[in-house]
Amino acid sequence: MTSPTPISEPTSESATSPDSLTAALSSASPASPASSPSSAVSPVLAEVVRSGFVEGRHRGSLVVLAADGSVDWALGDVTAPVFPRSTNKPMQAAAVLRAGLDLSGERLALAAASHSGEAFHLELVRSMLAEHGLTADHLQTPADLPLDPEEAEAYLASGRVRDRLTMNCSGKHTAMLAACALNDWPLATYLDEGHPLQQLVADGVRTASGEDVAHVGTDGCGAPLLSLSLTGLARAFRHFVMAEPGSPERRVADAMRAHPEYVAGTRRPDTWLMQALPGTLSKMGAEAVQALALPDGRALAFKIDDGATRTLGPVLARTLRLMGLDAPVLSRLEDAPLLGGGTRVGEVRASF
């Protein structure tokens, strides 16, 4: 396969250089989108291969930053705003620290989590609520099942029903509520865009990414959702990894890297990566968004246009290999089998 050609920092609307990336994009996409992002079709980043036949393709955009924070290479439009979904969670967790909430260790990792709903996740959420004089009734997360399919199956088999506490963002919401209680800020409106806590989040997003927020939406958990470009998202993750020790951003990054099982779960790629590659900060988001920063300052972010999360592992592993990494965890990540009659007959694979 053709490797993407390194490019310099973009100086215009386009984050790619048409001359340098034409070959890479032509191999990644039949449409060869290498011109203006306003009219270009995103390149194919992953393809679905069943019984030797390519039955589907997933398009998207991807950016890789060099250690100094400049754009090393990119595919597609990496300057347009996207909703980062749960990759915003480290920035939300840093805001509760700036609000004065004293969290560390597993508790701070859980504040930045999309947890799987495993027993140790739910037990810690309950403990954190109690420690701050709160109950599950304060949570404004939607009632949901555990995010991990195995946990969800066991949960339902035990006779339990969807619950606010079980929703994967309950750790984040607990931390937000605790920060509000500490500052005597209204609890009932903690998810309002104009709430003091959410203003702290917005300030932190702008600082970490170096960008203004173009759009504000509502995330699946009900919290304000702040748009960033993929380049801004990658810079935000780099900012957290390179921040001064003891700063809110570095405290969040350190907690996530020290306790990755609380950020995701025992069967989740973010956990595997942070365990296998010391110093790496990794977080996925819904609708197939992924951001990651390495301890040397290199970082990446990508989004698959159609939101197919089955592409995350293969695309992430391929990107890390192109960045020069080689570790057994990458083989684990890129293994995305397709089944036919219960037997492996194909795979989802990166195509760049």
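I took buried to mean under 20% relative accessible area. The model I am reading is predicted.

**Strand β9**

I started with β9, residues 289–293. Is this strand enclosed or open? I found five of its five residues buried, so the rest of the structure largely encloses it. I then looked at side-chain directions. Val289, Ala291 and Ala293 point one way, while Gln290 and Leu292 point the other way. Both sets are buried.

Next I checked the neighbours of β9. Strand β8, residues 281–285, runs antiparallel to β9 and is joined to it by five bridges. I noted lysine 283 opposite alanine 291. The β8–β9 hairpin has three residues between its strands, and glutamate 287 there takes a positive phi near 60°.

Strand β10, residues 299–304, is also antiparallel to β9, again with five bridges. Here alanine 293 has alanine 299 as its bridge partner. I counted five residues between β9 and β10 in their hairpin. Glycine 297, in that turn, has a positive phi of about 100°.

**Nonpolar cores**

I recalled that nonpolar side chains tend to be buried together in soluble globular proteins. I looked up the largest nonpolar core and found 68 residues in it. Val63, Leu103 and Val252 have the most contacts inside this core. Which helix gives the largest share of this core? I found helix α8, residues 230–242, with seven residues. A second core is separate and has 33 residues, including Val64, Phe302, Leu312 and Ala327.

Beyond four places in sequence, valine 252 touches Pro90, Ala93, Ala94, Leu97, Leu108, Ala112 and Phe240.

**Arginine 268**

I found arginine 268 in the loop between α10 (260–263) and α11 (269–276). Which side chain of opposite charge is nearest to arginine 268? I got aspartate 270, at 5.1 Å. The arginine is buried yet has no salt bridge. I also listed its contacts beyond four places in sequence: Ser114, His115, Ser116, Leu147 and Met284.

**Aromatic pair**

I searched for aromatic pairs and the count came to one. The ring centres of phenylalanine 120 and tyrosine 262 are 5.0 Å apart with planes at 80°, so I logged the pair as edge-to-face. Phenylalanine 120 sits in helix α4 (residues 119–131) and tyrosine 262 in helix α10. The pair links distant parts of the chain, 142 residues apart.

Phenylalanine 120 is at 23% relative accessibility, so I marked it partly exposed. Tyrosine 262 has a relative accessible area of 14%, so I marked it buried.

How values were computed. Residues numbered from 1 in each chain as written. Predicted model: local features only at pLDDT ≥ 70, side-chain atom pairs only at ≥ 80, totals over all residues. Heavy atoms only, no water. Core = buried A, V, L, I, M, F, W, Y, C linked by side-chain atoms within 4.5 Å. Buried < 20%, exposed > 50% of the residue type's maximum accessible area, 1.4 Å probe, protein only. Helix = DSSP H or I, 4+ residues; strand = E, 2+ residues; numbered from the N terminus. Contact = heavy atoms within 4.5 Å. Pairing = 2+ DSSP bridges. Lys, Arg positive; Asp, Glu negative; His and termini not counted. Salt bridge = Lys/Arg side-chain N within 4 Å of Asp/Glu carboxyl O. Phe/Tyr/Trp six-rings, centres within 6.5 Å; stacked < 30°, edge-to-face > 60°.
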